[in-house]
Amino acid sequence: MPQYKAPLRDVKFLLNEVFDYPAHYASLSNGGEATPDMVDAILEGCATFCEEILSPINHSGDLEGCHFENGNVTTPKGFKEAYAEYVAGGWQGLSHPTEYGGQGLPMSLNLMKSEMMGTANWSFTMYPGLSLGCMNTVMQYGNEAQKNTYLPKLVSGEWTGTMCLTEPQCGTDLGQVKTKAEPVGDGSYKITGTKIFISAGEHDLSENIIHIVLARLPDAPKGTRGISLFIVPKFLVNADGSVGPRNPVVCGSIEHKMGIRASATAVLNFDEAIGYLIAEPNKGLEAMFTFMNTARIGTAVQGVAHAELSYQGALPYAKERRSMRALSGKKDADQVADALIWHADVRRMLLTQKAVAEGGRSMIYHAAKLADNMVNGILEGNQAKYEDYDNQLGFYTPILKGFLTEMGLESANLGMQVFGGHGYIKEHGMEQIARDARISTLYEGTTGIQALDLLGRKVLLQTRGKCIKEFTNEVIGFAKGHAFSGGPLGSMARALIRRSLQWKWATLRIMLRAAKDRDTVSSSSYDFLMFSGFVMLGYFWLQQAVVASEKLAKGGKETPEFYKSKIQTAEFYFERLLPRADGHRKAMLATSVSTMAMDNEHFVMG
C-alpha cells in the first residue's frame, strides 16, 4: 500500500522558484514571522508528522471505520492519539490570530499543511479541517463575547467545529431549510431540527464540538432570504470557559459510506438545543459562504491529494512489476519480462497523475497567495483590497473545486489501472484512494453546482464576462513573452494563447445565447468549467516549464533531473491532456436543444 512521502522538493520549487513566496510573505502585515527558515521548519515538521503518524493509520482506519453506539462515535485505533499529537504540535492554530492562541502566520501555510495531511490521511484531516471554516466564520461574524468564548479552544484544537447545512429534504437548495430557532428571551435560541451528512459531527477526539447551524427564526421570510446562522455547542460553555452541561444535540446515526470511512458523517438531531445568533438575522447564508468557500478550497486540495497519493503508489509498482516486453524491444534483458513502466500506456497513466498532482498543486498555491492578500485586507482594515482579492478568489474557487476533484478522481482510478487486477484488492490500498476520492466531486457542491456557480453567477451575473477577460489577458500577457521561443516553450505558449482566445470568444457566444435561452447556462456549464480548468492548468504548467528552463540554462550544482522532469511533464500535458479542451469547447457551444427537447415521459427504462 502507498506509504506517503511529502513532496517537499516540488513544494519548495513552487514556493521559492515559481511564486517567490519569500517576497510575498515579506509584503504581508502578518508575514514577518514567515521567514524562509521558519517556513522550511514548518514544512519539514509537518512532513514528519504526516509520514510517521498519519500515513500509517490511513489504511487501518479505512478497514476498521468508525463505531457508533447509543449516540456516541468512536474513531478507529490510533486516531485519538494522532489527534492529541496534532493538538500538542500547535498545528490547528498555525494561521489564526495570536490573541486567541494561534501563531498568526499567513493562511497559505495552513493550506500547504492541509495538503500534506490530506494526502497522508484524508479521513483524519476531515476532523480538524471542518473546524477551520467554523473558526473563520466566528472570527469574521461573531461578536467579541463569542470570539472570546469559542476561538481559544477552537484555535488550540481542544475543541472542533462543524458546518450544519443539509437536511433530509434539501441538499444544495438551502431555501428549503426547516430547522427552527425560537427565541428564549435571554439572547439565546432553542434550535430544533435534523441535519444530515455532517462531517465530524460526532466523535471522541475533542471534549467539545461547536456546530455552526442554519435555521429559521419564527418571522423569517421564505426561501434563502429567511435563513439565520447560529452557534450551537455540543456542551454548553460555562462563564469561566470550561465545558458545562450537555446540549440536546444528539447523533442519531452515522453514514455507511463508500470511502473516507474513518471520518464520521453524522445525522444530528437538535431538540430545543441552545444556540446563539451569529451575524445578522436572516443573513445566515451570506455568512455561511465564508465557511463554504473555505471548505470548497479545502476540497479542491483533495483532488491534488488523491492524485499525488495514487501516483506515489503506482510509480514504484510500475518500476517493480514485470509484464511482457516493450514494443520497441527488450529493456530489462536479464529479467523474465520488462517492467511496466516501459510500456507507453502505463507511462501515459503515470504522467497524467503527475501532471494533475503537480499542476494542481501549482493552482492551489497561487490561489493561496490570493487568500493571504484577502486576509491581509481584513487585517489592514482595507475593504477595497479585501473585496478585490475576494472576487479574484471567487473566480478561482469553482474551477479549483470542480476541475481538480474531477481530475483527482480520474488520477485515483488510473492508479488502480496501473496495478491491474491487484488494484482491485484492498491489501494494496489503491482502491481505497479511489473510494476516498469519489466524494470530492459531490460534497461542498457537486461539479454541476460549481459549474453553475462559475458560468451562471461569476461570469454572467456578477461580472458579465469581465473575470474571464481579465484572467485570459493575464495568461496571454505571460504566454506572449515566450511565444517566439524555440523548442517546447514556444509551442506551449502559442497553444495557450490560442486556447485563451477561444475561451474569450466562447464566453461571449454563450452570453449572447443565454439572453434568449436560459437553459444554455445549465447545459453548457459543465463543459465550460472543464474547458476553463484545462486552460488554467496549462497556464500554471507553462509557468513551471519556463522557470525550469531558466534553471537548466543557468546550470549550477543542482542535478538537472528535477527541472527536465518538469519540462517533460509540461510537454506531455500540452500534447496529451490539454487537447481535451477542444471537445469541451464544442460541447459548451452546442445549443440546449438536444438536452431539453425530450419530453419527461420519454425518459423510460427498457
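Helices, here, are DSSP runs of H or I with at least four residues, numbered from the N terminus. The model examined is predicted.

The second largest pocket draws the largest share of its lining from helix 13, which gives six residues. Helix 13 spans residues 447-462. At least two lining residues each come from helix 7 (122-141), strand 5 (188-199), helix 9 (284-320), helix 12 (430-438) and helix 13. By class, the lining holds 18 nonpolar residues, eleven polar and eleven charged. The space in the second largest pocket amounts to about 1,100 Å³.

Strand 5, a contributor to that lining, also pairs with strand 4 (residues 180-183). The pairing is antiparallel and runs over four bridges. Within it, Ala 181 stands opposite Ile 191 of strand 5. The two strands form a hairpin, with four residues between them. In the turn, Gly 185 has a positive phi of about 115 degrees.

Helix 17 covers residues 561-577, 17 residues in all. From first C-alpha to last, helix 17 reaches 23 Å, close to the 24 Å expected at 1.5 Å a residue. Its buried residues are Tyr 563, Lys 566, Ile 567, Thr 569, Ala 570, Phe 572, Tyr 573, Phe 574 and Leu 577. Buried here means under 20% relative accessible area. Several helices are included in what covers these residues: helix 1 (8-18), helix 10 (344-379), helix 15 (487-514), helix 16 (519-554) and helix 18 (580-588).

Key:
Residues numbered from 1 in each chain as written. Predicted model: local features only at pLDDT ≥ 70, side-chain atom pairs only at ≥ 80, totals over all residues. Heavy atoms only, no water. Expected span 1.5 Å × (residues − 1). Buried < 20%, exposed > 50% of the residue type's maximum accessible area, 1.4 Å probe, protein only. Contact = heavy atoms within 4.5 Å. 1 Å grid on protein atoms, 1.4 Å probe; cavity = no way out; pocket = protein on both sides within 12 Å on 5 of 7 lines; lining within 4 Å. Points joined across faces, edges and corners; volume = space filled by probe spheres on them. Nonpolar A, V, L, I, M, F, W, Y, C, P; charged D, E, K, R; others polar. Pairing = 2+ DSSP bridges.
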